[in-house]
Amino acid sequence: MHDIGRHFRLESQGRNPALAFAAILMVFGAVASFSQRRTDGLITKSTGLSNSSGAAATPQLYQVMYFLSEGNFLANDSLAQLHYAADSAMQLKVLHKTNVLTFNSLGLQYKAIQYTIDGWLFVCLCGRQHNCLTHTCESVLQPLGLGGADEGTVSLKLHTAVMPGQQVILHTSFIGSLSSGLTRSAAFNYTDPSTLATHSQVLVGASLEPYGARRMLPCFDFPNYKANFSISLQAPANLVALSNMAEAKAQPGVEPGTTMHTFETTPKMSTYLIGVTVGRMASTSAISSSGKNVSVWSVPSLAEQHSVALQAAVQGTDFYESYTGVVLPMKKMDLMAIPGKRGAVENWGLIQFDERRLLFNEATEGAYGRWLAADVVCHELGHQWFGNYVTCQDFDNIAVNEGLASFMEYKCLAAAFPEMPQAALFQLASTPHGEDIGVHEGPRSLAMGADGTPLVKPLLSTDPGFLQYHPEISYSKTAAVLRMLEAFWDSAGENTFQEGIKILMQRYGLGLAALDDVFVALLDGAKTTISAGQEAKSSKHSKLFSVPAGDALQMLHAWITQPGLPLLQLSSNNSMPPVLTQSRFCDWGEFTADDPFLNDLASTWYVPVAVGGGMGSPAVTGNTENAWFEFSNQSQVVDSINSSAGGFNLNAGGSGYYRVQYSPPHQQNLIAALSNITSTDGDSLPVLLQANAFISDILHLSFSGNINPSAILDLAATVAAALVSHTGFGLHLMVAPVVEALQQLTQLSMVLGAGEQCTSELQAYAQHLLGLFAQPILDRIAQEPVADFSKKYGSNYSATPDTFLYDHVKMQAWSGTRC
């Protein structure tokens, strides 16, 4: 077993004096010139930084050095060294007079704790130096006994009070465990090129979100405490070491056979974004338009599977820089595939991924695998701006990070992979063989499904378990609401919504933002665009864009503070003009009427409603664009609709985050109009998205008891006969959801015992309809050559949005037709 204390200068008695002295110089030599380093070369701009926890001091800079040994990378846990040594210096700015420092530390075994005040007063609280107050550190830090997010909160008593404006530097030496914070990956095999022998090793890396940094260093482990980080890593010389920033220098370590890697100091960032990965890795790199070095890393045996991720990362970087107007303050961007990792984490400049999701095997995977890799890169890359550059002020506002990234990832996909129809994939997620759908895949359908349940929480939630049980709300609902608002914003002027995003970046760059701040920035972007004299469009004179910002924010606030989604119900009494009412929709229908746990069903929202005629024709006489009106009351006469237009639609373009219930005759007119959709070119895409939204409403309203479930059968018969159903877009947006609903309807009839004859007839008719959907898919598959993915998705890969979508969804649609 390796001596895990050997790196600590305070435990160097009896060892080589030169080695001990070198360690002292490398670890704390920087402290002697600390006052000079704290301003030279650091990115210190911060807007909107808050101190919501009311601490007496706030961190400015962390200097931390980790010592990793060969034993840390052995695959066999019984032989491996499962601990590491580290030294840190945490520079604090005092805000209030105090003699107690409170911060976070969990599971760290301290060997030395010291502090200095304003660079001259030095106190050694514990350690093996002769001037330390005690040799052991167990009693120096006092746990406060808190749980949840505050677990691991400790207090440290100073021997003299410090005053506002003073600087305290807390120096610590400690031992950490590789079981949390800094952790070991799953084992992988590699071949030694010199001996051709096969060995098994692991990677060591940091995955800290939300509160894991306290297990890796003493810190203020909440997102609102942003600081700069100067990270150094000592590791075996034959391994690669990566961190958030580019390497500033590499030199021999304090032990033979090791290298000390020192990285450039980070911009101000939250602790959960600390990035470290060390091990045997291979990379593929390219340069972005702004000169940033972008690399995809994996274990060496998987180096041939980097191409899709690299394309997404390079072109995605170009897109995000252009869209936001922000070039991030770092020279490189690394994407790391980790064996055995679940999910991904957006460490700034060093993003970590599940290797099964990031890497794409050109020889065995099709459109779905290609999309999985591209999508997760675009999401995590989006976090570099939305989450890292602008950060949620606390995890109650996590939708600032996750919602914006989930919204923007689809724009990134469109920029990096034009053949991937991002609007259709945003609308609905499909998987070939029933794989689990991620929380930011198909965000509109996913969010509306989750939001239709009675116990769901709002976007802004103080429930500590909210993100665990309802991640679709923070991720997908935020994205879907933003997509609705974008459609309304841009109807007032081109790029109106984007202007609001740029304002958000300018105001809160390297700082903190709440959901309210996001909405205010978007509103200010609209007013900026409109006042600049953009071409007048239908929503330019809306109330939302005319009232003061505070009033406009209050109008939108229901989307933040209320759970659920609206149900818009159109009058069925042939009134002229029609009357629209709204209430909260619930998929459980009448079963929730007396549920004491269900929030107010009489909730109302500010809803921008897009009106189109039927499935594409205008609903407003003489107007070829969609008409918009604002709906914020429980009941409202809608006199702007031309109800003689032949079955107008109240979700034109399909982007509205609400459901619509029409009168039965109106509903039948719209179902019949689905058969008229024949094209899948760019001009008809809004009609296809509108059709998907209408189909989704019919299905959910049927199962909730709002309308007669026989509508599903009418819908299925019409969709099966529509020529567009034989295309990729039709298969994805229209066929797939209808097929799923037919399966559910037949299963439901058997469970409810509708009667043997009724159930038998229903099953027979449903089977007939499913056969109508299945046959065109089988015919097309039969005409295709045996798939050779190495040719289909290799270097000469090409696809149209429709063929890509067909390959993406055909297996799900076909498997759903089999009873």
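This is a predicted model: local features need pLDDT of at least 70, side-chain atom pairs count only at pLDDT 80 or more; totals for chains, interfaces and linings use all residues.
Student: Why is Arg-356 called exposed?
Tutor: Arg-356 has a relative accessibility of 61%. Exposed means over 50% relative accessible area, buried under 20%, and partly exposed in between, with a 1.4 Å probe and protein chains only. At 61%, Arg-356 therefore counts as exposed.

Student: What makes Arg-356 and Asp-354 a salt bridge?
Tutor: A salt bridge is a side-chain nitrogen of Lys or Arg within 4 Å of a carboxyl oxygen of Asp or Glu. The N to O distance for Arg-356 and Asp-354 is 2.7 Å, so the pair meets the rule. Asp-354 counts as buried, because its relative accessibility is 9%.

Student: How do you know that Lys-331 and Glu-264 form a salt bridge, and what does the pair tie together?
Tutor: Their side chains meet at 2.7 Å, N to O. Helices (H or I, at least four residues) and strands (E, at least two) are DSSP runs, numbered from the N terminus.

Student: Why is Lys-331 called exposed, and why is Glu-264 called partly exposed?
Tutor: Lys-331 has a relative accessible area of 53% and is therefore exposed. Glu-264, with 22%, is partly exposed.

Student: What makes Lys-477 and Asp-451 a salt bridge?
Tutor: The closest N and O atoms of Lys-477 and Asp-451 are 2.9 Å apart, and the pair forms a salt bridge. Lys-477 belongs to helix α10 (residues 471–490) and Asp-451 to helix α8 (residues 443–451), so the link ties together parts 26 residues apart in sequence. Both Lys-477 and Asp-451 are buried.

Student: How many salt bridges does a search of the whole structure find, and which residues are linked in a network?
Tutor: The search finds 14 salt bridges. Arg-357, Asp-375 and Glu-441 are linked in a network of salt bridges.

Student: Why is the disulfide of Cys-124 and Cys-132 called right-handed?
Tutor: The torsion about its S-S bond is about 70°, so the disulfide of Cys-124 and Cys-132 is right-handed.

Student: What makes Cys-126 and Cys-137 a disulfide, and where do the two residues lie?
Tutor: Their sulfur atoms are 2.0 Å apart. This pair links distant parts of the chain, with Cys-126 in strand β5 (residues 121–126) and Cys-137 in the loop between β5 and β6 (141–143), 11 residues apart. The torsion about the S-S bond of Cys-126 and Cys-137 is about 100°, so this disulfide is right-handed. Cys-126 is buried at 0% relative accessibility, and Cys-137 is buried at 7%.

Student: Is the disulfide of Cys-378 and Cys-412 left-handed or right-handed?
Tutor: The sulfur atoms of Cys-378 and Cys-412 are 2.2 Å apart in a disulfide. With -65° about the S-S bond, this link is left-handed. The pair joins distant parts of the chain, Cys-378 in helix α5 (residues 367–383) and Cys-412 in helix α6 (residues 399–416), 34 residues apart. Cys-378 counts as buried at 0% relative accessibility, and Cys-412 is also buried at 0%.

Student: How many disulfides does the rule give, and what is the pairing?
Tutor: The count comes to 3 disulfides. With the bonded cysteines of the protein numbered in sequence order, the pairing is 1-3, 2-4, 5-6.

Student: What share of the protein is buried?
Tutor: Buried residues make up 58% of the 819 residues in the protein.

Terms used:
Residues are numbered from 1 along each chain as its sequence is written. Side-chain values use heavy atoms; hydrogens and water are left out. A disulfide is a pair of cysteine sulfur atoms within 2.5 Å.
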